[in-house]
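Please look at the sequence and the structure before reading on.

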Amino acid sequence: ESLCLFRKLQSYLPRPAKVKLRRSLVLMGLRWLLGTVSPGRFPPSPVPHQTETMAAVVMKSHGDADVLEYVEDFPMPTPAPRTRQVTIEVVACGINPVDFKMRRSNIPDLYYPKPKIQGLDVAGIVVDTPKNCKFSVGQPVYAMLPLLGTQYGGYASRVCVDEANIAAAPDTVPLEEMAALPLVACTVVQALRPVVAAFKGDTEGKRCFIQGGSGGVGSLAVQYCAAVLRMRVAASCSAKNAHFVKMCGAVETVDYMTERFEDRIQDYDVVVDPLAYLYEQRTLAPDAGVLKRSRNAHYVHIASSPWQSTQALEDPLRLGIPEAAPHRMASGFCRAALSRLGGFAFRSGPQFHYVFVHPDGGALAEISQAIQEAKIRPYVDQSFPIEKASEAQRVVEEGHVKGKVILTVTRPGPGRREFAL
């Protein structure tokens, strides 16, 4: 009966409205399916409070950085029913390239609801927890938020995050600086997990080349591979950032502006590529010789997209990230699966790994431990007050940031950990 009623209602609609309705229903079904199959990537959205409000940076439409508006009356989030969401008072939040890429793309409200608070990285203080939570009120933590499916993000004074996506912040660096890490930390650990497993934990002395060594992902990858995995690391960067990259742990740098990395990097064990849309074909070319021609060599493709506008690129879901296109994600994961199975196309060549980052409290806990042991530290290039979020995004969008840019939101109150700015 419901189906008959739906068809009857459809008959009264003009054709464009029918097409739009059907498309919306398909996307709603897809969103529900993704949330069911992968709750870590598509968790339930927090619920707006009926009366309490908070400060936040909100975008009501897509466009340039001017669409970002600082407000002090946005509904405060509360944990979604029947979830393990923890409420955090945000001290600082990080800015990632994906923020401006999605800001300037015309993404449907269905999976990028507006008005939208952007931001995936937060560091702050726990203010409320579910029962039997492993975190306690007043504890400093940091977390990565989901990319899609909610209007709530990190550019705000409060967030609600699933307990599984949070880690305790170490006490050896300022809490603000931890906001520079969540997305890049999850990316790096998830990218290297299959490599570490393939080497059975014996990574010491392996030669690893990292593209974009001075960026957010690259600078942390250099530290992680050099100090935690004890690899011999080379990385690409500009000449002016070579000292910074070597300070992170690289023993060799390649100036991507004047040199071809293929001419310098030969017979390596691992390549970690956050710029795979530029360098994958060159790296894996049969005559390149960048990686050993062996099943013991590994190419790690980290899903990303060009810095410039993606309007002209294939982006059927209009996510602002062409690599999020279903066929490209399916291709990446299938290639990785075939590689693990020793498929025909990869039998004699390097193993292929595909990484599309998702929130991961375990990865953050591993990075916290490395920071506590002084093996890794966050690098903050610039810090802005949250009111200047549009200016901060412009800085990131212009490129050539060393490490990360963060927004400061609140200071820890009485009884909480203090730190020097």
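Among contacts between residues at least 6 apart in sequence, 71% join residues that are at least 24 apart; contact here means heavy atoms within 4.5 Å. The model is predicted, so local features need pLDDT of at least 70 and side-chain atom pairs count only at pLDDT 80 or more, while totals for chains, interfaces and linings use all residues. Residues are numbered from 1 along each chain as its sequence is written, and side-chain values use heavy atoms, with hydrogens and water left out.

The protein has 11 helices and 16 strands. These are DSSP runs numbered from the N terminus, with at least four residues of H or I for a helix and at least two of E for a strand.

**Aromatic pairs**

The whole structure holds 5 aromatic pairs. Rings of Phe, Tyr and Trp (its six-membered ring) pair if their centres lie within 6.5 Å; planes under 30 degrees apart count as stacked, over 60 as edge-to-face and the rest as tilted. Two of the pairs are listed here.

| Pair | Type | Centre to centre | Angle between planes |
|---|---|---|---|
| Phe-209 and Phe-261 | stacked | 5.8 Å | 20° |
| Phe-244 and Tyr-379 | edge-to-face | 5.1 Å | 85° |

Phe-209 is in strand S9 (residues 207-210) and Phe-261 is in helix H7 (residues 261-264), so their pair ties together parts 52 residues apart in sequence. Phe-209 is buried at 0% relative accessibility, and Phe-261 is buried with a relative accessible area of 4%. Together with Tyr-279, Phe-209 and Phe-261 form one aromatic cluster.

The other pair also links distant parts of the chain: Phe-244 belongs to helix H6 (residues 242-248), and Tyr-379, 135 residues apart from it, sits in the loop between helix H10 (361-372) and strand S15 (380-385). Phe-244 is buried, with a relative accessible area of 8%.

**Asp-273**

Tyr-279 of the aromatic cluster is also one of the residues in contact with Asp-273. Asp-273 lies in strand S12 (residues 270-273).

The side chain of Asp-273 does have a polar atom 2.9 Å from the backbone nitrogen of Leu-275. A polar contact of 2.7 Å also joins the side chains of Asp-273 and Tyr-299. Such a contact is a pair of N or O atoms within 3.5 Å, and within protein one must be able to donate a hydrogen and the other to accept it; residues adjacent in sequence count only if both atoms are side-chain atoms.

Terms used
Buried means under 20% relative accessible area, exposed over 50%, partly exposed in between (1.4 Å probe, protein chains only). Lists of a residue's contacts leave out its neighbours within four places in sequence.
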